[in-house]
Amino acid sequence: MEPVRKHMEELAAELDRLNYEYYMNDRSLVSDQQFDEMMRELQDLERQYPELASPLSPTKRVGGEVNKTFRQVTHRFPMLSLGNTYSIEEIEEFEARTRRFLDGEQFSYTCELKYDGVAIGLTYRHGQLVQAVTRGNGTVGDDITLNAKTIPTIPLRLRGDYPDDFEARGEVVYPFEAFEAMNRQREAEGDEPFANPRNAASGSLKLQDSAECAKRKLQFCMYFMMAPDSVELPDTHYGRLEWARQMGFKVQPYIKECKNIGEIKAFIDYWDKARWDLPYAIDGIVIKVNQTPLWDRLGLTAKSPRWAIAFKFKAERVSTPLLSISYQVGRTGVITPVANLQPVSLGGTVVRRATLVNADFIEKMGICYGDNLLIEKGGEIIPKVVGVDMEKRKEGAVAVKYIDRCPECGTPLVRVEGEAGHYCPNSDHCHPQIIGRLEHFVSRKAMNIESLGPERLELLYGAGLVRNIADIYDLRREQLIGLGADQAASIQDKGADNLLAAIEQSTRVPFERVVFALGIRYVGEVGAKKLARYFKNMDALMAAAEEELAQVEDVGEVTAKAVAEWFALSEHREIVERLRVAGLQFSGRWAATGGKLDGMTLVVSGVFEHFSRDEIKADIENHGGKVSGSISGKTAYLVAGEKMGPEKLKKAEKLGVKIISELEYMDLVR
C-alpha cells in the first residue's frame with residue numbers, strides 16, 4: 001500500500017506543479033494529452049484506493065461533487081464595501097483629506113485594478129484551503145468551497161512560507177474568451193446567452209454540481225490578505241500581496257505604489273484606455289493607503305474603510321454611422337429592428353450591430369437615415385444604442401419609418417394596443433416563426449431533444465418532414481437515413497437511431513415543461529409551471545376560460561388572453577391531440593396524490609439523502625403544500641436534513657412547529 005500512496009502523492013505533486021506553471025506563469029510544460037493521461041491515472045487510483053485520496057487532490061479541479069445546499073457562514077472579518085466615485089475631483093479630496101488626517105506622517109498609496117466579478121473570501125490553515133465563502137451581505141455569505149476548488153487559480157495547498165491562519169480575499173472573474181465560448185455553447189443548445197461575465201460568474205459559483213462549475217473556466221484574482229491579531233503580516237498592503245504571490249496566488253502584476261495625487265491620476269488615465277486589452281473585465285481603480293498600521297488610525301465609516309476608495313470608469317462611448325436597419329422575426333412573430341453599423345472598436349471588440357428595440361425606441365431617439373449613432377458598452381457585453389450624434393447629422397435627414405409588413409412573408413404587421421412591439425400574425429406560414437417554434441420546442445428547458453439543433457431542423461423543414469411540433473413525433477427511420485448527405489447536419493444510420501431515441505425520451509418530460517414547450521406567447525417557465533399546477537392536466541387547461549386563467553398566480557390578463565386565444569384555434573388543438581397520441585405527459589404527477597399537504601406551509605433546511613433542495617420543494621408543491629423560507633406560527637412542518645441551520649431549529653422549537661426528518665416526510669406524503 002505504501003508504494004501506491006507514494007506514487008499518488010508524486011502524481012498529485014507533479015499535476016499541481018504543471019497547473020501552477022500553466023495558470024500562473026503561462027508556461028505549458030507538457031501536452032494536453034500528457035496532462036489528461038496523468039489526471040486520469042490519479043483519478044483511477046483514487047477510485048481504487050479511496051482511503052488514500054486527499055481532499056486537496058488536483059482531481060478536485062474537475063469537480064463532480066454535488067452540493068445540495070449552500071450553508072450560510074458568518075465572516076470572521078466583515079467584508080466591507082468600498083466607497084466609490086466617478087469623479088477625479090473626489091479622488092483629489094480623498095487624497096487631501098487623508099494627508100490632513102495623518103498630519104505629516106510619511107505614507108504612500110497602492111493603486112490596483114478593480115475587477116468586475118464576484119468577491120469571495122478563502123480561509124487557509126496550515127497552508128491548506130479549508131473554506132471559501134461569498135461576500136453575501138458582508139456579514140454572512142454562502143459556503144462555496146466545493147465549487148471554489150474547481151478554480152485553477154485558487155491554491156489548494158500553499159507554496160513556500162505562509163501564515164498558519166489567514167484569509168485571502170479576491171474576485172472570481174469570467175475571462176472574456178471562456179465567457180464567449182460558453183455563450184456560443186448555450187445558444188447552440190437553445191439557452192439564453194449570459195448578459196455579462198459578472199452575472200455569469202456569480203451564477204456559476206452557485207451551481208449545485210461542481211463539475212458544471214469546473215466547465216465554466218473561472219479565474220480567481222487575489223487582492224487582499226488579513227489574519228487574526230496573533231498572526232504577523234507585512235506592514236504594507238503591497239508587501240502582503242507580494243508575499244501572497246510567492247505562496248501561489250494569482251496577484252495582478254499591474255499594482256503600483258504611488259506617492260502623490262499626480263501618480264494616482266496618471267495610473268487612472270492609463271488604465272481607462274488600456275483596460276480593453278485585459279483578458280477579463282475591470283470597472284475601475286482601487287486606491288488604498290499602503291501602510292497597514294495607519295488603517296486603524298484612519299478607521300471606518302458605517303459601510304466602508306476611510307483608508308481606501310474606488311474610482312469607477314464611465315462606460316465607453318463611440319459614434320459610428322448607421323448603414324442600414326434589419327428587421328428580425330422571432331418565434332412569436334415579434335419584430336426586432338437591428339442597426340447595422342460601420343464596424344467600430346468598443347470595449348475590446350468590434351461592434352457591427354446593435355438592437356433598436358422597437359418603433360417607440362427609434363422614435364424616442366429621433367433616429368434618421370444616415371445618422372451617426374452613439375454606442376455604449378459598460379459592464380454589459382452587448383452594446384447599446386444610447387443616442388444620436390447630432391453634431392454629425394446631415395442637413396435634410398429623414399426620420400426612420402418603421403416597416404408595416406413582415407420582412408419575411410409580406411404580411412401586414414399588427415400592433416396590439418398597450419404593447420411596445422409590432423408582430424407578424426402569419427404564424428403558420430412565416431418561416432422564421434416556424435423554425436423558431438421548433439427550436440423552442442426541442443430546447444433543453446422544454447422537451448430537451450438534444451439531437452435536433454437548428455441545422456437539422458432546417459434540414460427536416462426543407463425536406464417537408466416537419467412543419468409543426470407534432471410532426472417531430474411522426475418521423476420514421478427510413479425517412480431520416482441519408483437526409484442532407486451533402487451537408488454538415490446530414491443524418492446517417494447512427495444519427496437516425498440517436499435522434500429517434502431522443503424523441504422517445506422526450507415523451508417523459510413533465511407536464512409543466514410540455515406547457516412551456518408549446519411556445520404560447522408570454523408563457524415563460526414560471527408561468528407554465530403555475531398553469532400546469534393550477535389546472536393539473538391538459539384538458540382542464542384547454543377548457544379554461546380567459547377569466548379563470550387570469551386568476552392563476554403570476555399569469556395576469558395579457559397572458560390569460562394569449563393562452564385562451566392559442567387553444568381556441570383549431571389547428572393548435574389538432575397539434576395538441578397529436579402530441580397526446582405521441583404519448584407526451586398531459587398531466588402532472590401531483591394530480592393523483594390526493595393533496596396530502598393541501599393548505600400546509602412547510603420549511604426545509606439542511607441536506608437530504610433522497611432529494612436535492614429543489615426536488616423536495618417541488619415534491620411539497622406537487623402534494624399541494626407551500627414552501628416558505630422562514631418559520632412562523634403558520635408553519636405546519638420543518639423538514640430537517642443534515643447540517644440544518646441552528647437558528648431555524650431554535651425558532652421551530654420556540655414556536656412549537658413540528659420537526660420531521662426526510663423519511664418522516666416521505667411517510668407523510670406516501
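Helix α24, residues 662-669, lies across β17, β19 and β20. Relative to β20, the helix runs at about 95°. Before I go further, please note that this is a predicted model.

The strands under discussion belong to an open sheet of four, in the order β18-β17-β19-β20, with parallel pairing. Which strands stand at the edges? They are β18, residues 626-627, and β20, residues 658-661. Each has a single partner strand, so one side of each has no neighbour in the sheet. Between β17, residues 601-605, and β19, residues 635-640, there are five bridges, in the parallel sense.

Next, the nonpolar cores. The largest one has 56 residues. The members that touch the most others are Phe441, Ile449, Ile472, Met538, Phe567 and Leu579. Several helices give two or more residues to this core, among them α12 (431-442), α13 (454-462), α20 (556-568) and α21 (570-582). Apart from this core lies another, of 40 residues, including Ile144, Ala201, Met225 and Ala244.

Let me stay with phenylalanine 567 for a moment. Leaving out residues up to four places away in sequence, phenylalanine 567 touches Leu518, Ile520, Met538, Leu541, Met542, Arg573 and Val576.

Now helix α12. Ten of its twelve residues are buried, which leaves the helix mostly covered. Phe441 is one of these buried residues, and the list also includes Arg437 and His440. What do the buried residues of α12 pack against? They pack against β12 (316-329), α13, α16 and α21.

Helix α17 has its own buried set: Gly527, Ala528, Leu531, Ala532, Arg533 and Phe535. After α17 comes lysine 536, with a positive phi near 70°.

Helix α8, residues 237-247, is the next stop. Its buried residues are His237, Arg240, Leu241, Trp243, Ala244 and Met247. They cover an arc of only 160° around the axis, so they sit on the same side of α8. The cover over them includes β3 (109-115), β7 (165-173), β8 (219-226), β10 and α10 (293-298). Just after α8, glycine 248 has a positive phi of about 120°.

That brings us to β7 and its partners. How many of the nine residues of β7 are buried? Nine of the nine are, so β7 is largely enclosed by the rest of the structure. β7 is joined to β4 by eight bridges, and the two run antiparallel. Arginine 125 stands opposite aspartate 165 in β7. β7 also pairs with β8, again in the antiparallel sense, over seven bridges. There, glutamate 171 has cysteine 221 in β8 as its bridge partner.

Within β4, residues 118-125, look at threonine 123. Is threonine 123 buried or exposed? Its relative accessibility is 8%, so threonine 123 counts as buried. Beyond residues up to four places away in sequence, threonine 123 touches Arg76, Gln128, Leu129, Val130, Gln131, Phe166 and Glu167.

Another buried residue is arginine 275, with a relative accessible area of 8%. Arginine 275 is found in the loop between α9 (261-274) and β10 (282-289). Its contacts, apart from neighbours within four places in sequence, are Ile282, Phe313, Lys314 and Glu316.

Last, a run of antiparallel strands. β12 and β13, residues 335-346, are joined by seven bridges and run antiparallel. The two form a hairpin with five residues between them, and in the turn glycine 333 has a positive phi of about 90°. Valine 329 has isoleucine 335 in β13 as its bridge partner. β13 then pairs with β14, residues 349-355, over six bridges in the antiparallel sense. In that pairing, asparagine 340 has arginine 353 in β14 as its bridge partner.

That is all I have for today.

Technical notes:
Residues numbered from 1 in each chain as written. Predicted model: local features only at pLDDT ≥ 70, side-chain atom pairs only at ≥ 80, totals over all residues. Heavy atoms only, no water. Core = buried A, V, L, I, M, F, W, Y, C linked by side-chain atoms within 4.5 Å. Buried < 20%, exposed > 50% of the residue type's maximum accessible area, 1.4 Å probe, protein only. Contact = heavy atoms within 4.5 Å. Pairing = 2+ DSSP bridges. Axes fitted to C-alpha atoms, helices over the stretch in contact; angles between N-to-C directions. Arc of directions from axis to C-beta.
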